[in-house]
Amino acid sequence: MDINSKLSNNTAVILVSHGSTLPYAEEVFTEIKEKFIKKTGIATEIGYMKVSEPTIAGAVEILKGQVDDLAKIIALPVFLAPGIHTNIDIPQLLGLEPLETDPRCPDGNYPAEHYLSIAPDVDFDGEIELLPSIGPRDKLLDIIDKRILEALSESKLGDVKTGILLVTHGSRLNYNKEFATELYNKFEKTCKYPSSFGFMELCGPSIPESIDKLVDENDLERLVVVPVFIAPGMHTTHDIPHILGFLESHEHSHGHSHGDHDHEHDLTPVEFDGEILYPEPIKADDILIDILADMINEKL
């Protein structure tokens with residue numbers, strides 16, 4: 001796939017990420033960027049919505065310094081599902097019109113401390129094209145299958161009754177549930193094990209609900225819980241492990257503030273006497289790089 005030959009030499013790419021207070025996400029996205037550049041040959045920078053650096057506006061400035069007469073930027077959100085970030089926040093951070101009305105602030109007048117209010121403006125006279133989120137692509141199933149095989153190779157048990165649970169974040173909007181449902185429906189058709197999916201928060205079924213049902217209906221002795229997340233972060237290293245009973249906790253719930261919303265996480269551990277295997281999220285898997293390259297190629 002020679003993408004670079006299809007692009008003019010004054011085009012660049014921004015890989016848009018959320019940003020995190022933990023170092024894992026930045027490490028993963030740096031590797032994603034390096035692999036993407038190696039595969040495509042396109043001038044590329046990461047742009048973080050908040051918390052991390054460079055900002056989206058900062059990424060534009062970096063690319064302006066790298067590409068002579070930069071005329072076009074393709075912004076590629078490295079998000080699995082569409083939602084408020086991809087449809088509202090990222091367009092505005094790029095200086096574009098949001099794709100829908102913001103349910104958090106329908107009049108568009110954000111509080112002074114909101115990250116959309118304090119983010120630097122993009123200074124760019126050329127064209128900015130915003131692509132959609134990744135969505136439930138078939139190649140994601142290849143990554144999930146790889147993670148399942150990796151987990152089973154480390155199992156302490158032999159040939160026992162095994163179930164698979166796909167876990168995603170969850171959202172108050174329908175986007176994440178639609179993504180997870182479509183991806184799972186594809187996965188279920190090829191998976192040889194009893195399987196289900198669950199959400200960490202905000203919508204159902206929850207992880208404990210899905211595990212209880214899956215175990216009760218199939219008399220399972222082993223579970224592989226696959227986090228369908230791009231990068232490690234608080235959710236994959238803290239919240240979900242608490243729910244799975246891997247981490248001791250003095251409290252069974254805690255709150256997170258994400259600037260745009262506050263919510264409680266119920267971290268009550270599941271009750272399962274069998275073995276639980278918990279592989280890594282997607283990270284900078286070569287298949288993900290192929291997906292990102294495909295997304296650019298599809299627009300050319």
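Trainee: How many residues has the largest nonpolar core?

Mentor: This is a predicted model in which local features need pLDDT of at least 70 and side-chain atom pairs count only at pLDDT 80 or more, while totals for chains, interfaces and linings use all residues. Residues are numbered from 1 along each chain as its sequence is written, and side-chain values use heavy atoms, with hydrogens and water left out. A nonpolar core is a set of buried Ala, Val, Leu, Ile, Met, Phe, Trp, Tyr and Cys residues joined through side-chain atoms within 4.5 Å, where buried means under 20% relative accessible area (1.4 Å probe, protein chains only). Ile32, Ile134 and Ile230 have the most contacts inside the largest such core, and its size is 50 residues.

Trainee: Which residues does isoleucine 32 touch, not counting residues up to four places away in sequence?

Mentor: Contact means heavy atoms within 4.5 Å. With residues up to four places away in sequence set aside, the partners of isoleucine 32 are Leu15, Ile230, Lys283, Ala284, Leu288, Ile289 and Leu292.

Trainee: Which residue in E3 is the bridge partner of valine 13?

Mentor: Strands are DSSP runs of E with at least two residues, and helices are runs of H or I with at least four, numbered from the N terminus; two strands pair if DSSP finds at least two bridges between them. Strand E1 (residues 11-17) runs parallel to E3, joined by six bridges. In E3 (residues 72-77), five of six residues are buried. The partner of valine 13 there is isoleucine 74.

Trainee: How far apart in sequence are the parts that the pair of phenylalanine 29 and tyrosine 48 ties together?

Mentor: Rings of Phe, Tyr and Trp (its six-membered ring) pair if their centres lie within 6.5 Å; planes under 30 degrees apart count as stacked, over 60 as edge-to-face and the rest as tilted. By this rule there are five aromatic pairs. Phenylalanine 29 and tyrosine 48 form an edge-to-face one, at 6.5 Å centre to centre with 75° between the planes. Because phenylalanine 29 lies in helix H1 (residues 23-40) and tyrosine 48 in strand E2 (residues 44-48), the pair ties together parts whose separation in sequence is 19 residues.
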